[in-house]
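Dear colleague,

I am handing over the structure we spoke about, and my notes on what was found in it follow below. Please read them with the structure open beside you.

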Amino acid sequence: QAYNCLIHFYKRVKKQIMPKTKLGTETKNYGYKKPRIIPNCAINSKLNASECLKFSQNCFEKESDEKETKYDITVIKYPFSCCVLENVIEGEDFLAGLKKELQSLEFTAKNNDLYKFRQSSSLSLSSGPHIAQLRSLLLDQLKPWISQVTRIPLGDTMDLFCAQYNHTDTLLCHDDELEGRRVAFILYLTEEWVGEDGGLLELFNTDSDGNPKDVVQKLVPHNNSFAFFEVSPISFHQVSEVLSTTKTRLSVGGWFHGPTLPRPSRPLPPPSPCLTCVEMDEDQFYSWLNPAYLDPETQGDIQSKFEDSSEISLPGFLSAAKYSAVCQALQGHTKWETVGPPDRRSCERQAGASSQLLDSCVKLFTSEAFFLLLSNLTGLKLHQLAPEDSDDDDDEDDEDDEDDDEEKVPKVYNPRCRGGFSRWATGCYSLIRDDDQEQAEYALDLRMFFNVGEWKEDMGGQTSYIARGEDEELVTVEPEENSLSLVYRDKESLKFVKYVNSKVKNIDHFHDLAYTYYE
């Protein structure tokens, strides 16, 4: 009886709480959901004070190279005008929520010749409530302030994205110039960042031709600081390699757009001089090479493989004794000069007096006999004794074209090469440039590495080949001991050497001998 009473009690209570009604006419109560409150944010109130505005305007108008700091504002005038605002956003709760929202975004790894880091997609009003507020702050508060201080007219268009830089990530020398970009800006959201962590915003001065030259300013990305500068033909800058193994450099950056300014032309740097082949004693020539690569049958097999893929690696190419001797001679050579400009390359080329052994090695790779050997290995006509390419395909095309009565112009061969020894240490790289005169011709690239016994893939220094206008790597040449790499590229193929990062410090540096051969 007690059990039945208990059941009856619960049934009655249930009826009172959840009364049955006709479908579609009941009153639903799923509970009240408290709306999410986003903390307010605003720019530092000091910025709109009359004395701050006057100080900032005067700094930008002065014809001076002096750096000035006041009211949490630093204005740098050399090598170009750049401003840093400390404690730019008021509202600790907002900043904490913004960081959390940014860190929850999906990031894509960006990795090519110019940069390596992780980036979000374009940040819009729908990216999150904190991000939407940040966009409003940038457009409604900071953009008018920047325009008033710099006298630069800015429109309503803004690009915005989030970036994460981790250990060994970097962004190399560039000027940011692109149609419509007028002011570049970066909001740093990094905790307890110091100069030793790397990831610095570095500014370059320029030479008389307008090329970037040396880093002359280094800015630490302090938390809640905001850096901006006018995009111009001399606004060359980079993000130095992140050295911290535990911290992430988080930032939000982009550009305010405005009327495009004319860009003056910049003279192209002169190409490296080309060399014609030289004479070398036959016995001396043979003493350098692995005898296996002098066998005609082996050469024929290599040529067949090369013609199929346009690239090949030949292990054990030099005699072991000669290779070891060159490695030691390169370690003993102390004079190297940095070759630029930094928006094209930064590598160390051999300078000063060279040893007899290194001179002999250079003579080997530029000798007439070696040009002939390359012809036999690749099928290219790099020597007058090498057979010409078959013209069968062209003849068939000519037969199909009955209206083409012109005689075929014979191809003129002018075998030559350019190159030499280089040392690759932390900070060395080369970049792709569409106007690179040295990559505007069909060519055979040769690269041979020295002192790479302890080299690892994550150190950088590989040669990568891509198709013009694409990012996907077609061929990658990695450093190997005593291995000769050959790659044939056309006018639509471009190459670069990946940035050598701080991990190479375990071996300090390595060397290569790189030549480019032209028919």
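This is a predicted model: local features need pLDDT of at least 70, side-chain atom pairs count only at pLDDT 80 or more; totals for chains, interfaces and linings use all residues.

Within H9 itself, which spans residues 368–378, the buried residues are Phe 370, Phe 371, Leu 373, Leu 374, Ser 375, Leu 377 and Thr 378.

Next comes a pair of helices. Helix H7, covering residues 320–332, packs with helix H8, covering residues 356–365, at an angle of about 120 degrees, and their axes are 9 Å apart. Because angles of 65 to 115 degrees count as roughly perpendicular and only those over 145 as roughly antiparallel, H7 and H8 are described as oblique to each other. The crossing of these two helices is left-handed. On the H7 side the contact is made by Ala 325, Val 326, Ala 329 and Leu 330, while H8 contributes Leu 357, Leu 358 and Cys 361. Sorted by class, this contact of H7 with H8 has seven nonpolar residues, with no polar and no charged ones.

Lastly, the cysteines. With a disulfide taken as a pair of cysteine sulfur atoms within 2.5 Å, the count comes to zero disulfides.

Methods. Residues are numbered from 1 along each chain as its sequence is written. Side-chain values use heavy atoms; hydrogens and water are left out. Axes are lines fitted to C-alpha atoms, for helices over the stretch in contact, and angles run from 0 to 180 degrees between N-to-C directions. Helices (H or I, at least four residues) and strands (E, at least two) are DSSP runs, numbered from the N terminus. Angles under 35 degrees count as roughly parallel, over 145 as roughly antiparallel, 65 to 115 as roughly perpendicular and the rest as oblique. A crossing is left-handed if the near helix is turned anticlockwise from the far one by less than a right angle, and right-handed if clockwise. Contact means heavy atoms within 4.5 Å. Ala, Val, Leu, Ile, Met, Phe, Trp, Tyr, Cys and Pro count as nonpolar, Asp, Glu, Lys and Arg as charged, and the others, Gly among them, as polar. Buried means under 20% relative accessible area, exposed over 50%, partly exposed in between (1.4 Å probe, protein chains only).
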